[in-house]
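Please read the sequence alongside the model below before going further. The paragraphs after it take up one part at a time.

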Amino acid sequence: MYEGVVQDLIDELGRLPGVGPKSAQRIAFHLLQADPADVRRLAEVLIEVKDKVKFCTICFNVAEDDQCRICRDARRDPSVLCVVEEYKDVVAIERTREFRGRYHVLGGAISPIDGIGPEQLHIRELLTRLGDGTVTEVILATDPNLEGEATATYLTRMLGPLGLRVTRLASGLPVGGDLEYADEVTLGRAFVGRQAAT
Ligand SMILES: [Zn+2]
């Protein structure tokens, strides 16, 4: 244990995802020795990101305005909607350049162990969005793991009665992982080879 503010820093860093106590200590000591201007820049960007970045009111993607760049882009196909868990999945799919439709970010996946049910996700907003008939295909692009599968199965059941084409990414993605870990080519292929959800 360290004195006062140094320990506070280690504690805060240790709360970040993927940062264990040892890494937290290492980062803290790195910061203590770093150029004050570098540390100030880091502190400023942390505050700025929380002030400036909002979530899109339509798709819940990260946005600097009320609507994200993709929802504002009239060239994107409004009839195809890709449902993903997180903002980082949008980034991963955009990198493949295989998709020209729009997104809906759920904000996670169904996970009873973590107390996350359908009502904690942006599923109600998804159903509302689908209500006007613009969207004719929904692509379920949840992570290829247990929670992602459960979420896709739930959504397939919910969307069934709406008479839309509901598809899932083709297999071939690394099972058990996150969508973002798939390389561009693999993810792009999974997109092109998408199949009807059952
Ligand atoms: Zn949006």
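Rings of Phe, Tyr and Trp, with the six-membered ring taken for Trp, are said to pair if their centres lie within 6.5 Å, and the angle between their planes then sorts them, with under 30 degrees counting as stacked, over 60 as edge-to-face and the rest as tilted. In this model, which is predicted, there are 2 aromatic pairs. The rings of Phe99 and Tyr103 have their centres 5.2 Å apart, and because their planes stand at 70° to each other, the pair is edge-to-face. Phe99 also pairs with Phe191, and here the arrangement is tilted, with 5.4 Å from centre to centre and 45° between the planes. This second pair links distant parts of the chain, since Phe99 lies in the loop between helix H5 (87-96) and strand E4 (102-105), whereas Phe191 belongs to helix H8 (residues 184-192), 92 residues apart. Taken together, the ring pairs link Phe99, Tyr103 and Phe191 into a cluster.

The protein has 198 residues, of which 39% count as buried, and it contains 8 helices and 7 strands. Taken along the principal axes, its C-alpha atoms fill a box of roughly 60 × 35 × 35 Å. Among the contacts between residues at least 6 apart in sequence, 55% join residues at least 24 apart.

The next part to look at is the metal site. Which residues coordinate the zinc ion? The donors are the SG atoms of Cys56, Cys59, Cys68 and Cys71, at 2.2 to 2.4 Å, and in sequence these donor residues follow the spacing C-x2-C-x8-C-x2-C. The angles among the 4 donor atoms run from 103 to 118°, and the site is tetrahedral. For comparison, the ideal angle at a metal with four tetrahedral donors is 109.5 degrees. Cys56 lies in the loop between strand E1 (54-55) and strand E2 (62-63), while Cys71 lies in helix H4 (residues 69-72), so the pair ties together parts that are 15 residues apart in sequence. Cys56 is buried, with a relative accessible area of 0%, and Cys71 is likewise buried, with a relative accessible area of 10%.

An unreviewed UniProt entry carries the annotation "zinc finger region: C4-type" for residues 56-71. Over residues 56-71 the chain is 19% helix and 12% strand, and the end C-alpha atoms are 8 Å apart.

Thr142 has a relative accessible area of 5%, and because buried means under 20%, Thr142 is buried. A polar atom of the side chain of Thr142 lies 2.9 Å from the backbone oxygen of Gly148. Leaving aside residues up to four places away in sequence, Thr142 touches Val83, Glu85, Leu106, Gly148, Thr151, Ala152, Arg168 and Leu179.

Methods:
Residues are numbered from 1 along each chain as its sequence is written. This is a predicted model: local features need pLDDT of at least 70, side-chain atom pairs count only at pLDDT 80 or more; totals for chains, interfaces and linings use all residues. Side-chain values use heavy atoms; hydrogens and water are left out. UniProt positions are given in the numbering used here, feature names are shortened, and annotations may be inferred rather than shown by experiment. Helices (H or I, at least four residues) and strands (E, at least two) are DSSP runs, numbered from the N terminus. Buried means under 20% relative accessible area, exposed over 50%, partly exposed in between (1.4 Å probe, protein chains only). A polar contact is a pair of N or O atoms within 3.5 Å; within protein, one must be able to donate a hydrogen and the other to accept it, and residues adjacent in sequence count only if both atoms are side-chain atoms. Contact means heavy atoms within 4.5 Å. Donors are N, O and S atoms within 2.8 Å of the metal (3.2 Å for Na, K and Ca); water is not among the atoms, so sites may look incomplete. Four donors count as tetrahedral if all angles lie between 85 and 135 degrees; four count as square planar and six as octahedral if opposite donors are over 155 degrees apart and all others between 65 and 115; anything else is irregular.
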